[in-house]
Amino acid sequence: MANPNSKVGQLLTTTLDGFKKEITDNVINNHPLLVKMKEKGNIVKESGGASFQHKLSYASNGTVQSQGEYDNYDITPQDVLTTAEFAQKIVTGTFTMSNLEMKQNAGQERLVSLLLEKKKVLESSLKNKIGTDIYGDGTGTGGLDIGGLQLLIADDPTTGTVGGINRASYTFWRNQLWDFSVESVTASATTIQNAMNTLYSRCQVQQGELPDVIAAGESYFGFYEDSLQTIQRLNDTSMGKLGFNALAYKGATVFYDPECANTRMYFINSSHIFLKHLGDLFEVGETTRPVNQGVWVTPLTFTGNMTVDNSRVHGVMIA
């Protein structure tokens, strides 16, 4: 039987619990989009519920009017609110120690060293998984993956269901788009800035709402970088200090992310995109020992998803 009360189980659970904050910080700080979301307070811990929800205002209030001194108020009932509901996805990893490893590293220093190396491997794997998923469409692993930017800021914003709302039926829930093929323009260092200017303007559908984060794949980041070298290179020093390759565009940070598709550039309003999660970002489970193996296993679990509460203020550039 599992023996979670043993000294070995307690040691592993306590050790990984001590690593938890460091793993969380390192996963977030490894991805510039998550850094921006954290700065906005949009990595959000939810207290519970079967889904993540956003209340949305999708229409104007039709009772607003100019009227004469003795005219009647317009008291027509208004149906202007709806709810977007996002599923909760689960990402897990395990931290294992075999009986043989415990015996081979019985000394305190050797044991701590081994635990540190295992922590680094688990942390790296979590970085890679989260980094891939935040740019995905949520269909991977049979639909179990996090719904990332390819879902929330879609290549074809007129189709698909996001947060339970069908974009084919509701235009308010569609993101903006610049498609080089539709515009009959070839993407290059000489055309990228005009395309960016147009998409940036399209994302300004609401007064005061501007993209402040632009995530780019290798080709489009390269085109933008090359376009600046003929005038003046504009670096985002704040992101550069974190080790990211980042430039400035108007009021936005433009960064290269190897996880972003090569010919994609996402214009993101970080006030309206979220990473929601239940409990701690990474929950440490109980260390147990399977009855048929000489191994101790401690699970680490993320339960959450990416969400948006306003699609129209985001955009994507595609080939």
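Me: How much space lies in the largest pocket?
Reply: This is a predicted model, in which local features need pLDDT of at least 70, side-chain atom pairs count only at pLDDT 80 or more, and totals for chains, interfaces and linings use all residues. Residues are numbered from 1 along each chain as its sequence is written, and side-chain values use heavy atoms, with hydrogens and water left out. On a 1 Å grid over the protein atoms alone, a pocket is an open set of points with protein on both sides within 12 Å along at least five of seven lines, whereas a cavity is a set where a 1.4 Å probe fits but cannot get out; lining residues have an atom within 4 Å of a point. With grid points joined across faces, edges and corners, and volume taken as the space filled by probe spheres set on the points, the largest pocket holds about 160 Å³.

Me: Which element gives the largest share of the lining of the largest pocket?
Reply: The lining includes Ile90, Val91, Leu122, Lys129 and Asp133. Helices (H or I, at least four residues) and strands (E, at least two) are DSSP runs numbered from the N terminus. Two elements give two or more residues to this lining, namely strand 4 (89-98) and helix 4 (108-133). The largest share, five residues, comes from helix 4.

Me: Which residues line the largest cavity, and how do they divide by class?
Reply: The count comes to one cavity of 30 Å³ or more, and about 50 Å³ of space lies in the largest cavity. Its lining consists of Val27, Ile28, Leu34, Ile130, Ile146, Leu275, Leu281, Phe282 and Phe302. Ala, Val, Leu, Ile, Met, Phe, Trp, Tyr, Cys and Pro count as nonpolar, Asp, Glu, Lys and Arg as charged, and the others, Gly among them, as polar. The lining of the largest cavity therefore divides into nine nonpolar, no polar and no charged residues.

Me: What is the geometry of the pair formed by Tyr135 and Tyr266: stacked, edge-to-face or tilted?
Reply: Rings of Phe, Tyr and Trp (its six-membered ring) pair if their centres lie within 6.5 Å, with planes under 30 degrees apart counted as stacked, over 60 as edge-to-face and the rest as tilted. The structure holds eleven aromatic pairs. The ring centres of Tyr135 and Tyr266 are 6.4 Å apart and their planes stand at 50 degrees, so the pair is tilted.

Me: How far apart in sequence are the parts that Tyr135 and Tyr266 tie together?
Reply: Tyr135 and Tyr266 are both buried, that is, under 20% relative accessible area, with exposed meaning over 50% and partly exposed in between (1.4 Å probe, protein chains only). Tyr135 lies in the loop between helix 4 and helix 5 (140-143) and Tyr266 in strand 11 (residues 264-268), so the parts tied together are apart in sequence by 131 residues.

Me: Over the face of which ring does Lys119 lie?
Reply: A charge sits over a ring if NZ of Lys or CZ of Arg is within 6 Å of the ring centre and within 35 degrees of the ring normal. Lys119, at 5.8 Å from the ring centre, lies over the face of Phe19.

Me: How many disulfides does a search of the whole structure find?
Reply: A disulfide is a pair of cysteine sulfur atoms within 2.5 Å. Cys203 counts as buried because its relative accessibility is 0%, and Cys260 counts as buried at 5%. The number of disulfides found in the whole structure is zero.
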